Amino acid sequence: MLQISFIRKNQKKVLLGLKKRNFKKLHLINEILILDEKKKIAQNVLNKILEKENLISKKIGKIFSSYNDDSQIKSLKEK
């Protein structure tokens, strides 16, 4: 099985190899690369959301440890 990184770096070589094996749907290689790019973008968005969630959780933890009022905790949990 070929790695996506190998396909991206050696796209012409991969296409020639598939042609030798009479693979008819060569357009799938481009679709795979496009889907991989979309996956990377979605993963970056998810990572940013998780990073914000972790920061808010840390703030909640600090508030709990300092025994502040619950109004701050509720507002952070809503975020």
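Biologist: Which side chain is joined to that of D36 by a polar contact?

Modeller: Keeping in mind that this is a predicted model, the partner is R8, whose side chain is joined to that of D36 by a polar contact of 2.2 Å. D36 belongs to helix 3, and with a relative accessibility of 11% D36 counts as buried, because buried means under 20%. If neighbours within four places in sequence are left aside, the contacts of D36 are with I4 and R8.

Helix 3, which spans residues 27–66, also packs with helix 2, residues 11–20, at an angle of about 140 degrees and with the two axes 10 Å apart. Helix 2 passes helix 3 in a right-handed crossing, and the contact is made by Q11, V14, L15 and L18 from helix 2 together with I29, N30 and L33 from helix 3. Sorted by class, this contact has five nonpolar residues, two polar ones and no charged ones.

Turning to helix 2 itself, its buried residues are V14, G17 and L18, and they lie on the same side of the helix because they cover an arc of only 100 degrees around its axis. These buried residues pack against helix 3 and also against helix 1 (4–9), whereas the face of helix 2 turned away from its buried side carries the exposed residues K12, K13, L16 and K20. After helix 2 comes N22, which has a positive phi, near 60 degrees.

Terms used: Residues numbered from 1 in each chain as written. Predicted model: local features only at pLDDT ≥ 70, side-chain atom pairs only at ≥ 80, totals over all residues. Heavy atoms only, no water. Axes fitted to C-alpha atoms, helices over the stretch in contact; angles between N-to-C directions. Helix = DSSP H or I, 4+ residues; strand = E, 2+ residues; numbered from the N terminus. Left-handed = near helix turned anticlockwise from the far one by under 90°. Contact = heavy atoms within 4.5 Å. Nonpolar A, V, L, I, M, F, W, Y, C, P; charged D, E, K, R; others polar. Buried < 20%, exposed > 50% of the residue type's maximum accessible area, 1.4 Å probe, protein only. Polar contact = N/O pair within 3.5 Å; in protein donor to acceptor, adjacent residues only side chain to side chain. Arc of directions from axis to C-beta.
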